[in-house]
Amino acid sequence: RVAAAKGEIEICDNIENTDLRDSCYARVNFKKQDAAICGRISNLIFKDQCYNEYGSAKADLSSCELINAANSKEHCYDSVGKSMQDAAICNKIDRVV
């Protein structure tokens with residue numbers, strides 16, 4: 001929580017427990033809104049969730065592309081497409097399924 005409050009990713013880097021470290025990264029990303037932080041998360045489910053949240057919040061298509069799970073990627077495309085009012089992005093959903 002200290003890392004998230006301060007927005008200091010370095011605090012997370014020093015956490016030995018993988019789950020706690022991943023949670024720390026997710027909290028810091030929520031505050032800083034930096035997709036690069038998502039890349040530090042080792043758990044694929046949490047990583048996908050991080051990219052999905054970032055992509056949806058920032059209307060960032062490149063974050064959607066980094067998502068592994070098809071349903072999460074689809075949700076991200078949908079959110080970004082709606083935010084940008086761009087049907088071409090929504091058309092990517094057909095390729096995911």
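Visitor: Is arginine 40 buried, exposed or partly exposed, and why does it count that way?
Guide: Arginine 40 counts as partly exposed because its relative accessibility is 40%; buried means under 20% relative accessible area, exposed over 50%, and partly exposed in between, with a 1.4 Å probe and protein chains only. This is a predicted model, in which local features need pLDDT of at least 70 and side-chain atom pairs count only at pLDDT 80 or more, while totals for chains, interfaces and linings use all residues. Residues are numbered from 1 along each chain as its sequence is written, and side-chain values use heavy atoms, with hydrogens and water left out.

Visitor: What does arginine 40 form a salt bridge with?
Guide: Its partner is aspartate 13, and the closest N and O atoms of the two are 2.7 Å apart; a salt bridge here is a side-chain nitrogen of Lys or Arg within 4 Å of a carboxyl oxygen of Asp or Glu. Aspartate 13 belongs to helix H2 and arginine 40 to the loop between H4 and H5, so the pair ties together parts that are 27 residues apart in sequence. Helices are DSSP runs of H or I with at least four residues, numbered from the N terminus.

Visitor: How many salt bridges are there by this rule?
Guide: The count comes to 3. One of them joins the side chains of glutamate 65 and lysine 92, at 3.3 Å from N to O, and this pair links distant parts of the chain, with glutamate 65 in helix H6 (residues 61-65) and lysine 92 in the loop between helix H8 (87-90) and helix H9 (93-96). Lysine 92 counts as buried at 19% relative accessibility, whereas glutamate 65 is partly exposed at 37%.

Visitor: And where do aspartate 78 and lysine 82 lie?
Guide: Both lie in helix H7, 4 residues apart, which is about one turn of the helix, and they form a salt bridge whose closest N and O atoms are 3.2 Å apart. Lysine 82 is exposed at 57%, while aspartate 78 is partly exposed at 24%.

Visitor: Which residues of H7 are buried, then?
Guide: They are Ser72, Lys73, Cys76, Tyr77, Ser79, Val80 and Gly81. Serine 79, for one, has a relative accessibility of 17%, and its side chain makes a polar contact of 3.4 Å with the side chain of serine 56. A polar contact is a pair of N or O atoms within 3.5 Å; within protein, one must be able to donate a hydrogen and the other to accept it, and residues adjacent in sequence count only if both atoms are side-chain atoms.

Visitor: Changing topic, how many residues are in the largest nonpolar core?
Guide: That core has 17 residues, and those with the most contacts inside it are Ile9, Cys12, Tyr25 and Val28. Helices H2 (9-13), H3 (18-32), H4 (35-38), H5 (44-58) and H7 each supply at least two of its residues. A nonpolar core is a set of buried Ala, Val, Leu, Ile, Met, Phe, Trp, Tyr and Cys residues joined through side-chain atoms within 4.5 Å.

Visitor: What is tyrosine 25 in contact with, leaving aside its neighbours within four places in sequence?
Guide: Tyrosine 25 is in contact with Ile9, Cys12, Asp13, Ile37, Arg40 and Ile41, where contact means heavy atoms within 4.5 Å.
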